[in-house]
Amino acid sequence: MGIVFVDDTDLYTLDQKLKSGVSMAVDTQYAIDDWGTSIIATGGGLKPAKCHYYMWDYECTDGQWTQVDVLDHAAISVPLPDGSSAPIAQHSIHLSQKTLGIYSNPCGCYTKQVDVLLDTIQTWTTRVSTGKLPAKWAWVSYSHQLWAKLRYGLGTNGSPLADLL
C-alpha cells in the first residue's frame, strides 16, 4: 500500500495483487505521471519540495499483523513542465508530515497533531490574557480564531481518547 502526497493532493495505490515493493513503486509511478502530466497540460506544475510519499506492507508475526516500511524499490519522482522529472522524499510510516493542514502518518499516530493543538490553545490563551480584551471581544476571538483552528484538526484526529485527555 502506498500514499503519495503530491502538491496538495493525496494519491493512493492499493492493490492486493501487487506482490512486492517494486511492483507497488511501478504502479505508483504510473499514477503520479498521469496526475502530473494532467496538471502540466492545464498550465500547472508540481513542486517536488511539496511532495512526499509513504510505502508500506503488512507482516504477520505470531498472529499479529504490523505495518512495515517498504524501502526496496526505485525512487519515485514527479514530472516537471520542462519534460524532466524530480525525485520526491520517502518518509518512514512512523513520521508525521503536514498534509492538507493536519499532521498524520500511515501508522495512525496523531501525537504531533495533538501537540500542535495544545500549542495553539496555549498561544491563544496567553495572547488573550495579556491583551486585556473586553469579555465580548474575547468570545469573538475564541469563536473566530481559536475554535476555527481546533475544529478542523479535531475532526480528523484518530488518536485514542486516552491520548487526548
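**Labels and their cut-offs**

Author: The chain has four helices and nine strands, where helices (H or I, at least four residues) and strands (E, at least two) are DSSP runs, numbered from the N terminus. It's a predicted model, so local features need pLDDT of at least 70 and side-chain atom pairs 80 or more, while totals for chains, interfaces and linings use all residues. Numbering starts from 1 along each chain as its sequence is written, and side-chain values use heavy atoms, with hydrogens and water left out.

Reader: Why is Tyr30 called exposed?

Author: Exposed means over 50% relative accessible area, buried under 20%, and partly exposed in between (1.4 Å probe, protein chains only). Tyr30 has 54%, so it counts as exposed. You'll find Tyr30 in helix H1 (residues 21-41).

Reader: Which residues form a nonpolar patch on the surface?

Author: Val22, Val26 and Tyr30, with about 290 Å² of accessible area together. Patch residues need over 30% relative accessible area and no salt bridge; nonpolar side chains (Val, Leu, Ile, Met, Phe, Trp, Tyr) are joined within 5 Å, like charges within 9 Å. A salt bridge is a side-chain nitrogen of Lys or Arg within 4 Å of a carboxyl oxygen of Asp or Glu. Areas come from the Shrake-Rupley method with a 1.4 Å probe; for residues, only the protein chains shown count as cover.
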